[in-house]
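Welcome, and please keep the sequence and the 3D view side by side as you read. Shall we walk through this structure together, one region after another?

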Amino acid sequence: MESACLSESIYNLIPSDLKEPPQPPRYSSMFKEAVKNDMKKFKTSMKTMGPAKVEVPSPKDFLKKHSKEKSLPPKGKFQRRDARKPAVPLRTDHPVMGIQSGKNFINTNAADVIMGVAKKPKPIYVDKRTGDKHDLETSGLVPKYINKKDYGVIPEYICKRNEEVKKAQEEYNNYIQESLRKAAMKRLSDEEREGVLQGLKKNWEEVHKEFQSLSVFIDSIPKKIRKQKLEEEMKQLEYDISVLEKHKIIYIANKK
C-alpha cells in the first residue's frame, strides 16, 4: 500500500524536465594531418608572383610643382596653307565706267519663258477645310512601293526557312511512319475508315431501335438491367463514332 501511495503522490503529476542526451563527439578525419602536410609541401608563400624586385626611388627624384601639367608644343613659324585673298582696292582706284551691253534682256527673258518647259506644281493634299496643305509624296498616300520590281516577291530568307520547315516535317513524318511500322501499327485507309464508321452507325441504330421498344414502365430488376445495358452500349457507340469523325487518320495494332 505504501508503494501505491508513493506512485499516486501529487508531486508525480508535475512533468519533469527532460534532459537532452549529450551530443556525440565531432567527427575528425584520421587523414587530417596528412592532408595538411601535403598542402604545405606543395604550397609556398609568394610562389607565383614572388617578392617585389624593384629599384627603390631616390630621395632626389621628388615630385615637383607643375610637373604633371601638359606642355605646349614648341613655337614655330606660321605657314599659310590657303592662298591669300585679293587686296582691298585703294581709294584712288575707280571702276571701269561707260561699258554698255547690246543684249536685249527683255526679249531674251521672254523667249526663255516661251520656249521653256512649264514647271510642274508640287503635289499636295489638303486635309482640313481651313486649307492646311501637306506634301503628298511623303504622306504615304502615293502607291510607290507597289511599282517596284521586287514588290510582292517572297524574301530569300523566308523561302529558305520554308524549305527547312518542309524538310523537317518530311523527316518527322518518315520517322513516325518508321516508328509505327516497327511498332506493328497499321493505318486505316479511307475506305476502311468509312466502312467502320457506317457499321458503327448501323449498330447504334439497331441498339436505339431496341431501346425504343422497351416498355414505358420499368418495374422489375431485369428491365432496369436491360435498359442500363442498352444505354451504355449507345454511349460507347456514340463515343466511337465521334472519334472516327474527328480524326481522319486512324492507326490500329496488327494482329499477330
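This is a predicted model: local features need pLDDT of at least 70, side-chain atom pairs count only at pLDDT 80 or more; totals for chains, interfaces and linings use all residues.

Let us begin on the inside. The largest nonpolar core is built from 10 residues: Leu-188, Leu-197, Leu-200, Val-207, Leu-230, Met-234, Leu-237, Ile-241, Leu-244 and Ile-250. Two helices, α5 (190-212) and α6 (221-246), each bring at least two residues to this core. Of the contributors, α6 gives the most, with 5 residues.

In general, side chains of opposite charge can pair when their charged atoms come close. Across the whole structure, a search finds 4 salt bridges. One of the pairs is Glu-210 with Arg-226, whose closest N and O atoms are 1.5 Å apart in the model. Because Glu-210 belongs to helix α5 and Arg-226 to helix α6, this pair ties together parts that are 16 residues apart in sequence. Both partners are partly exposed: Glu-210 has a relative accessibility of 33%, and Arg-226 has 32%.

Another salt bridge joins Lys-223 to Asp-219, with 3.5 Å between the closest N and O atoms. Lys-223 counts as partly exposed at 34% relative accessibility, whereas Asp-219 counts as exposed at 62%.

A further salt bridge takes us to another part of the chain, where the side chains of Asp-135 and Lys-122 meet (4.0 Å, N to O). This pair links distant parts of the chain, 13 residues apart: Asp-135 is in strand β2 (residues 133-135), and Lys-122 is in the loop between α3 and β1 (124-126). Asp-135 is partly exposed, with a relative accessible area of 24%, while Lys-122 is exposed, with 59%.

Arg-26 is placed in the loop between α1 (2-7) and α2 (32-42). Its relative accessible area is 80%, so Arg-26 counts as exposed.

The surface also carries a nonpolar patch, made by Ile-10, Tyr-11, Leu-13 and Ile-14, which together have about 550 Å² of accessible area. You will find Ile-10 in the loop between α1 and α2. Ile-10 is exposed, with a relative accessible area of 61%.

Moving on to the loop between α2 and α3 (105-115), look for His-66. His-66, although not a glycine, has a positive phi of about 65 degrees.

Val-165 is placed in helix α4 (residues 156-182) and is exposed, with a relative accessible area of 52%. Leu-13, which you met in the nonpolar surface patch, lies 152 residues away from Val-165 along the chain, and their C-alpha atoms are separated by 82 Å.

Methods. Residues are numbered from 1 along each chain as its sequence is written. Side-chain values use heavy atoms; hydrogens and water are left out. Helices (H or I, at least four residues) and strands (E, at least two) are DSSP runs, numbered from the N terminus. Buried means under 20% relative accessible area, exposed over 50%, partly exposed in between (1.4 Å probe, protein chains only). A nonpolar core is a set of buried Ala, Val, Leu, Ile, Met, Phe, Trp, Tyr and Cys residues joined through side-chain atoms within 4.5 Å. Patches are made of residues with over 30% relative accessible area and no salt bridge: like charges are joined within 9 Å, nonpolar side chains (Val, Leu, Ile, Met, Phe, Trp, Tyr) within 5 Å. Accessible areas come from the Shrake-Rupley method with a 1.4 Å probe; for residues, only the protein chains shown count as cover.
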